[in-house]
Amino acid sequence: MAKVLLVEDSPTQAVEMRMLLEEGCHEVKHAANGKLALEVLSTEPLDVVVTDLEMPEVNGLELVQTMREEYAHVPAILVTARGSETLASEALQKGAAGYVPKNHLQSLLNDTIVDVLGV
């Protein structure tokens, strides 16, 4: 079980993703955007961050970059509905530990967390 910070601005998708993560026996905290996620990161011990790409204020790539500089010990997994190999490559270059297209969340998200954490 991991302590997961879920960063997702869509309330319906946040609920769906939370349920999926909880099915994987993870403890889930939620932040509605990258700015709020950084506040949570500064106050709570977390094992991994699962973040959407497109969000207001601080998007997923900006969050991953800031985490790489300030919270390098916490891996980030980027999820997006508008995925491409180019975007996946950019996310990994900016410091993401993993990338999951939203249309593959059911089959890949929990396994990706296990792989990233080496559990």
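Strand S4 (residues 76–80) is mostly covered, with 5 of its 5 residues buried; buried means under 20% relative accessible area, exposed means over 50%, and partly exposed lies in between (1.4 Å probe, protein chains only). Helices (H or I, at least four residues) and strands (E, at least two) are DSSP runs, numbered from the N terminus. Please keep in mind that this is a predicted model, where local features need pLDDT of at least 70, side-chain atom pairs count only at pLDDT 80 or more, and totals for chains, interfaces and linings use all residues. Residues are numbered from 1 along each chain as its sequence is written, and side-chain values use heavy atoms, with hydrogens and water left out.

**Strand S4 and its neighbours**
- In a regular strand, side chains alternate between the two faces of the sheet.
- S3 and S4 run parallel and are joined by 4 bridges; two strands pair if DSSP finds at least two bridges between them.
- Asp 52 has Val 79 as its bridge partner in S4.
- Between S3 and S4 the chain passes through helix H3 (residues 60–70), and this β-α-β crossover is right-handed; that is, with the strands pointing away from the viewer, the path from the first strand over the helix to the second runs clockwise.
- S4 is also joined to S5 by 4 bridges, and these two strands run parallel.
- Val 79 has Val 100 as its bridge partner in S5.

**The whole sheet**
- What is the order of the 5 strands in the open sheet? The order is S2-S1-S3-S4-S5, with parallel pairing.
- Strand S2 (27–31) and strand S5 (98–101) each have a single partner strand, so one side of each is left without a neighbour in the sheet.
- From one strand to the next, the twist averages 20 degrees; axes are lines fitted to C-alpha atoms, for helices over the stretch in contact, and angles run from 0 to 180 degrees between N-to-C directions.
- Strand S1 (residues 3–7) pairs with strand S3 (residues 48–52) in the parallel sense over 4 bridges, and Leu 6 has Val 50 as its bridge partner in S3.

**Loops and backbone**
- Most residues other than glycine have a negative phi.
- Cys 25, in the loop between H1 and S2, has a positive phi near 65 degrees.
- Glu 57, in the loop between S3 and H3, has a positive phi of about 70 degrees and is exposed, with a relative accessible area of 59%.
- Pro 56 also lies in the loop between S3 and H3 and is partly exposed, at 43% relative accessible area.
- The C-alpha atoms of Pro 56 and Lys 35 are separated by 8.7 Å, and the two residues are 21 residues apart along the chain.

**The largest pocket**
- The largest pocket has a volume of about 180 Å³.
- Its lining consists of Gln 13, Glu 16, Met 17, Met 19, Leu 20, Glu 23, Lys 102, Leu 105 and Gln 106.
- Helix H1 (11–23) and helix H5 (105–117) are the elements that give two or more residues to this lining, and H1 gives the most, with 6 residues.
- A pocket is an open set of points on a 1 Å grid over the protein atoms alone, where a 1.4 Å probe fits, with protein on both sides within 12 Å along at least five of seven lines; lining residues have an atom within 4 Å of a point.

Key
Grid points are joined across faces, edges and corners, and a volume is the space filled by probe spheres set on the points.
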